[in-house]
Amino acid sequence: MTTQTNHIYLQRLEAALEGAGMGLWDINIETGEHYANAIWWSMLGYSPEEELNNFELFFRIIHPEDNRKLKDELDSLKKDKKESFDLLIRLRHHDGKYRYIQDKGRVVEWKNGKAIRAIGTHTDVTEKYLLNKQNETNKHRFEAAIAGANLGVWDIDLVTGKNFANSRWWQMIGYDPDEVENLYNLFYERVHPFDAHKVNEAIDSLQKGEKEKFDIVIRVKHKNGNYIFIQDKAKGVEWRKNGKVKRLVGTHLDITETQQLTEQLRFNQVRLKSAIKGADLGVWEVNLKTGIHYANERWYEMLGFKPHEIENILDFFKSRVHPDDQSILDQETTRLIERTSNSFDLILRVLHKDGKYRYIQDRSQVVEWEGDKAIRAIGTHLDVTENYLLTERLKLNEARLEAALRGADLGVWELDLKTGRNYTNDFWWQMLGYDPNKKEYSFDYFLSLIHPKDRALPLKTLEKLKEGKQEKFDLILRVKHKSGKYLFIQDRGQVVEWEKGKPIRIIGTHLDMTRIYELNNKLKTNEVRLEAAIKGADLGVWDLNLKTGINITNDRWWEMLGYKAEEHTSDLDFFISLVHPDDIHLIFESLEKLESGEIKDIDIIIRLRHKLGHYITILDRGLAIEWSKGKKLKRIIGTMMDITEQVNRQKLLTSALKERNDILEAVDNGFVSLDHDQNVTYLNSTAQKILSIQESELTKRAFLDLFDTVLKAKLKDAIKELTAHEKPVSFEVQLKEKRTWLCFSLYLKVDGYGIFVQDITETKMFHEQMLENSIRSMENERDRISKELHDGVLQELTAAMMFAENLKHKIQPESLRSNFEKLSRLIRKVSNDTRRISHNLKAPDLEKNSFRGLLERLIDDVNLTTSIKFEITFSEYIDSEEFNEHLKINAFRIIQELILNVIKHSKCTRAKVLVALSSEMMNIEVIDDGIGIESISNAKAGIGLKNINERINQVDGSFLMKNGKNGGLVTTIKIPVR
Amino acid sequence: MNKILLVDDFEMIREAIIDYLEDEENFKVTGQAENGAKALEELEKNDYDLLITDISMPEMDGITLLNEANKKYPDLKILVLTMYHDQDIIRKCLQCKINGYMAKNSEREKVINAINLVLEGKQFWDDDIEPLGELIKTR
């Protein structure tokens, strides 16, 4: 190779190196000889001339970390006899910044196995390196972003089927990455059937090369069965030669929540928009912190302004509010800001651009807070001017109407037949006594107030109105006022609105006609009554002119006196001629008094001579009706009633009453007459005496209150019974403090009650004495019989038995002896019976023994002679003296019989006798543990029980036998003590 | 031979009892009286081993007789023969010193047996008189 040629090569190399931007270096490691081309130097910002021989420079500018790397590399060259290396090192540029240099070199000369010369190139790869680095950072960032964004990432090779997905991808649909083999199939199977086409179409368009990527939202079934919304974004990253997509990389994002929220939001927005539009609402919103505000078109329009004309809607609006409404707005705003209220709803007068005020309904609320500070407020405006004015006008009209109607005393009502709604003015209710403000009363309620007999009337009328048979109506209804009184209501009305020929609205008025009706009725009644009265009362009517003496009279007047009208001229003289001489003065006196004004009318009873000669009694009443100018009485009109019969009857009655009272005074029965309120109307002296009543007491106290509680109660009961059954009632009662017995007999009178009172103490005592005597004599008799039996019959029987015994002993033959033995035994039995009868007949000796002692003895006796164990218990005061002798004897006998009964029939082992005494009653109870009542039913009719019954009847007692709760028999006897 | 004084106000009874005892060899009714007073007179006059007496008698009843006889003749044996079975009377009799108490209408053999027992110095209390058994216990 020539130098020329060398040079040419060198030039070419230089150009190539220059073109490639490569620095060239050549170093002899042994000698330190080195070479570097200009690019090498310029690459690091140096000029080759100034640093030409300074190879050390290289080691000065190399990054300390890379210096080691380079030395290691060079060492390895030596050691391993490697011929080339390729390193990335950082060299400090002249400007102080490191450059990334790709250092490629090879060993060109070896000596003794050692590399002694190497040549290499430097390429500045700073830019490339940094880019690369950036790439990696991006990649990391991307991963992080994916993780942060909860992105599922998938990657699929459509040709090989190889696929990958990150764990989030799996989690999203509920799987564990290890669970599934084929990602694509799994995914595809889980796509919602309605969304599968989306996936197909997207992949198709990619494969056809129509699109490079897709972005779809699909529903995918989660492992738990629920569909989730997935945003699936993907793009092709590798293509086949035919241009079809080979590899797809995509991301999945679970947007279920977002999707749902979005749906909701969209829905709300639509609703809100339509609501705002429909309600013609102006909407405003202010951020109080930033001052940013918003208002919709309608808001501006409402005030007549354009958006650009207004800088701050809040301040502007406030400036337009009517001065009178400013304070309320301020007040409500303050409340909002201070959080004492959540929102306000005001109607404000706001000045429109046209200079007129509009009524704006301003509803506002704070929707965002920062601590205690309101930062966002939202509100709506609604122009209610028309409504407001209409309402106001309506109110005014109503008030006017009400006033007008009130003046006319009209109640107004209105009925909407379509809706059934009704309206009534205040007075309508007031008329019936109800408070109109409550208005809880319905049409039906009104119907219920109508008098039952009138109730059908409005309903029938309503039917006729509905059928179109009638358009107007005019009824009189009786309607119940709240006070309960019925009012006469004139109910007039008419149909005022039709729809398709059918009435739909009726308006009517109510007018209270009660007073008019009542007056009318009264007037009518009075007239009728007058006529009826005159006729019914058989009144003679007269009309006397005192000036002329003419006395005009009706037929009855004449008839009363036995005349016919035409028989006589009727004048004062004739009349006077008929008056009983003793009564004439009455007429003149009353005429004088009438004239003097002392009396207003004549009212006298006089006797007039009948044509037949007898006198009739007349009630003569007259009224002065005309006076002459000189104040002289001129005319009197009057009536005459024949009261002869009444007077006679009265006389009769008076005498009958007198007779009755005389009789009542004469007899020794007390008599009291009470009116229906139990006030004494008559009380004879005997009654006063018996009941110890002073007449003066009667005015102070009610009749019944004059007596002790027992008598009072008895009287009350008797009056009750009398009123209920209308049959006379009698009862006996003992007045405790006096120990007297009274018998009251009550009967019903027309005017109340009649009461006969009799002192029956003596009779009672007599009866008691009689009873006691009879018991005593009976006891005496029994005692006598007892003795007779014991001392006579029994001794004789005993003797007889003894003789029989002797005979039995002595007589022969044997057959006769047995007969005497029988005889002896029989007589012994009879004698034993007789002894027992005698014993029982023996009178209990109450003079020597107390009642209690007697009974205790009795029980002792019984216990000694029977196997039954008897016990007896007594209450206190058993020996009270209140409890008289015959009762004691009777009680003793009864107990004796009861005990015998127990012994004979009960088959018991134990028996208890309880004797209790109260002030009213003696209670005897005998309880045994025997066989009870069923089994002794036969015995009930036995002599023992008959005796008991008789004795009980004697003392007005009662007798009850029943089985005890725990078996046995319980016999209860009650004997009244008094 | 034991001597018996028989006291009863009823003659037929006395006769009947004498008849009862007629054939007995151990004792004999050697005196009779119709009341307590007469009986005391008889006791005064003659000796007796046994007094058989009723309780209810005129002039002097049996109880008085028993008291007197107890006082005057403490060794005299006494058998009460009566139709009174009331506890009051029995109690009163038992308060005196008596050797037996029996129902008057008892069988002959029973009476003879009772007399023999009493004469032997034993006591006889009649089973047929119901309160008697109890009252003896509480005497």
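User: In this predicted model, how many residues of chain A are in contact with residues of chain B, and what makes a pair a contact?

Analyst: 26 residues of chain A are in contact with 28 residues of chain B. The word contact applies because heavy atoms lie within 4.5 Å.

User: What area do chain A and chain B bury between them?

Analyst: Chain A and chain B bury about 2500 Å² between them, and 53% of this is on carbon and sulfur atoms. On the side of chain A, Gln795(A), Met802(A) and Leu864(A) lose the most area to chain B, together 24% of what that side buries.

User: Why is the meeting of Lys810(A) and Glu22(B) called a salt bridge?

Analyst: The rule asks for a side-chain nitrogen of Lys or Arg within 4 Å of a carboxyl oxygen of Asp or Glu. Between the side chains of Lys810(A) and Glu22(B) the N to O value is 3.0 Å, and therefore the pair is called a salt bridge. Across the interface of chain A and chain B, the rule finds six salt bridges.

User: Which elements of chain A give two or more residues to the side that touches chain B?

Analyst: They are α25 (761-810), α26 (814-841) and α27 (851-865) of chain A. α25(A) gives the most, with 15 residues. The residues of this side divide into six nonpolar, nine polar and 11 charged. Between the two chains, 19 residue pairs are in polar contact.

User: Why is strand β6 of chain A described as largely enclosed by the rest of the structure?

Analyst: A residue is called buried under 20% relative accessible area. Seven of the seven residues of β6(A), residues 151-157, are buried, so the strand is largely enclosed by the rest of the structure. Leu151(A), Val153(A), Asp155(A) and Asp157(A) point one way, Gly152(A), Trp154(A) and Ile156(A) point the other way, and all are buried.

User: How do you know that β6(A) pairs with β10 and with β7 of chain A?

Analyst: Two strands pair if there are at least two bridges between them. Seven bridges join β6(A) to β10(A), residues 245-254, and these strands run antiparallel. Asp155(A) stands opposite Val249(A) in β10(A). With β7(A), residues 163-165, β6(A) has three bridges, also in the antiparallel sense. Ile156(A) stands opposite Asn163(A) in β7(A).

User: What lies between the strands in the hairpin of β6(A) and β7(A)?

Analyst: The hairpin has five residues between the strands, and in it Gly161(A) takes a positive phi near 85 degrees.

Key
Residues are numbered from 1 along each chain as its sequence is written. Chains are lettered from A and ligands numbered from 1 in the order in which they are written. This is a predicted model: local features need pLDDT of at least 70, side-chain atom pairs count only at pLDDT 80 or more; totals for chains, interfaces and linings use all residues. Side-chain values use heavy atoms; hydrogens and water are left out. Buried area is the accessible area (1.4 Å probe) that two parts lose on being put together, summed over both. A polar contact is a pair of N or O atoms within 3.5 Å; within protein, one must be able to donate a hydrogen and the other to accept it, and residues adjacent in sequence count only if both atoms are side-chain atoms. Helices (H or I, at least four residues) and strands (E, at least two) are DSSP runs, numbered from the N terminus. Ala, Val, Leu, Ile, Met, Phe, Trp, Tyr, Cys and Pro count as nonpolar, Asp, Glu, Lys and Arg as charged, and the others, Gly among them, as polar. Buried means under 20% relative accessible area, exposed over 50%, partly exposed in between (1.4 Å probe, protein chains only).
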